[in-house]
2 protein chains.
Amino acid sequence: MTSRLTTSSYAVLGLLGIQPWTGYELTRQATRSLRFAWPKSERLLYSEPKKLVEHGLATARQESVGRRGRTVYTITDEGRSALRAWTTSSPQPPTLEAEALLRLLFAENGSTDDLVAALETMADDARALHEQVTTINAGYLDGEHPFPQRTHLSVLFATFQLELFDLMARWVDFAKAEIATWPTTDGLGMTDRTEAMLNSIKEHRSVFDPRSEPIQGEATTTGMSRSVLDW
Amino acid sequence: MTSRLTTSSYAVLGLLGIQPWTGYELTRQATRSLRFAWPKSERLLYSEPKKLVEHGLATARQESVGRRGRTVYTITDEGRSALRAWTTSSPQPPTLEAEALLRLLFAENGSTDDLVAALETMADDARALHEQVTTINAGYLDGEHPFPQRTHLSVLFATFQLELFDLMARWVDFAKAEIATWPTTDGLGMTDRTEAMLNSIKEHRSVFDPRSEPIQGEATTTGMSRSVLDW
DNA sequence: CCGACAATACTGCATCGTGCAGTATGTCCA
DNA sequence: TGGACATACTGCACGATGCAGTATTGTCGG
């Protein structure tokens, strides 16, 4: 029996909608863009196109370079219909997986230095990803986009990634400043600073963008546009 | 054979480090906090403590309420050592899974309305999550924290979640404004606005926080503290 | 020109993790 | 007293991952 289509199937089908690819090329392309919205293993990128073929959404053609073979997958008309139908369905809520934040939740089991080290690893990762996205996108200005007609999509997509990685790096700085005031990781409870943060949360203010104390904050904060990091 | 410990094992072990819990209580607690850093299925939350017992990191005690049984898991000394050791290891890079962003990447297969609908679903989800976190945290000011001595950790953790959900909602507004200028989803390529975004990216400016054109932007932007959304 | 190393191009398999259905009891309110 | 909702799980099929393994082609330095 053919197994059912998952969101990952549509992710691969979306790539096939752009042009035909070999299995290997799909894994390369997934590393460049897909993984920022839908991070999946290389292994799966090899399995999914086979499933699409079973479902009649793609065809497989065997090629060879010397004595080494490779499979080129091409989307079918049914595949295009399936893609179109997919765009009208409702997306699942976004989820973030961050082991460094898990370390914060259970920081009481280690030193403040351990915690800071974990958060700095996260910030380093975020900065590295930020640079990757910046480099790729800077190239678009020099006409280096493999699919020039898709530039409007990939650039808008990139703006989110960059904001996200920037947020991670900035928040880690904020968190490090907070943790620097902790004598220990364990048992502090409601400190003055914690209470101040909670008041900011309650008033929907950001913890970034220092703006002194909430003195002149006449509660005229426009919705969520200011956030929790305001001091 | 006992299977190996994963990050999810340490996530559950971290909870057991706070107090003993039943399997069901672990699933409840995971919904309140864990899922924001380490989203895992309810099913796994029932399986992991058994694995911890096999490894000697926890003990299981059978209780009963009437004729219905339940299992209470308690951390052992070896469990505490394992937790301490874990805090010194290096965390995996953070990953975001967002089906709505996948819709953006492959938006050419649907209408601009389909795309906007997908992004609005994401923004709604983000706002709902923002409210959940805000509500829980506002309660801490009224002494409603189940573990008062841990307030400093959960509040610092919450600041990240709130910034993240706020970013998602604000970015969707930005993206909607951009998409509103598109006559179609397909084939636009490098528009004037796309080029402007790319220049912002290159200069490490944010696409948020309108600050008119990059006229007085003397490239003295301090690192990543401004981001891609500046106009 | 040749040897080393990276890139291309995958597959098999054990195990991890999820979704869903199923089962049963306890509690609360009308 | 009965219906809805919370508590408290387990079994199973299948989706997804990590890792090892296999083999060929391209590249670059000596």
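Buried area is taken as the accessible area (1.4 Å probe) that two parts lose on being put together, summed over both. In this predicted model, the area buried between chain B and chain A is about 9400 Å², and carbon and sulfur atoms give 71% of that area. The model being predicted, local features need pLDDT of at least 70 and side-chain atom pairs count only at pLDDT 80 or more, while totals for chains, interfaces and linings use all residues. Residues are numbered from 1 along each chain as its sequence is written, chains are lettered from A and ligands numbered from 1 in the order in which they are written, and side-chain values use heavy atoms, with hydrogens and water left out.

Contact (heavy atoms within 4.5 Å) involves 101 residues of chain B and 101 residues of chain A. Between the two chains, 29 residue pairs, both at pLDDT 80 or more, are in polar contact; the term denotes a pair of N or O atoms within 3.5 Å, where within protein one must be able to donate a hydrogen and the other to accept it, and residues adjacent in sequence count only if both atoms are side-chain atoms. The elements that give two or more residues to the side of chain B that touches chain A include helix H1 (7-18), helix H6 (112-140) and helix H7 (151-179) of chain B; helices (H or I, at least four residues) and strands (E, at least two) are DSSP runs, numbered from the N terminus. H7(B) gives the most to this side, with 24 residues.

Four salt bridges (a side-chain nitrogen of Lys or Arg within 4 Å of a carboxyl oxygen of Asp or Glu) are counted between chain B and chain A. In one of them, Lys40(A) is joined to Glu97(B), with the closest N and O atoms 3.5 Å apart. Strand S4 (residues 95-97) of chain A pairs with S4(B) in the antiparallel sense over three bridges, pairing requiring that DSSP finds at least two bridges between two strands. Within this pairing, Glu97(A) stands opposite Thr95(B).

DNA strand C is surrounded by 23 residues, the closest being Tyr24(A), Arg43(A), Arg68(A), Arg67(B) and Arg68(B); a residue is near a strand if one of its heavy atoms lies within 4 Å of it. Of the atoms of DNA strand C within 4 Å of the protein, 74% belong to sugar or phosphate and the rest to bases. A phosphate oxygen of DNA strand C is 2.5 Å from a polar backbone atom of Arg67(B). S3(A) gives the most to the surface near DNA strand C, with four residues.
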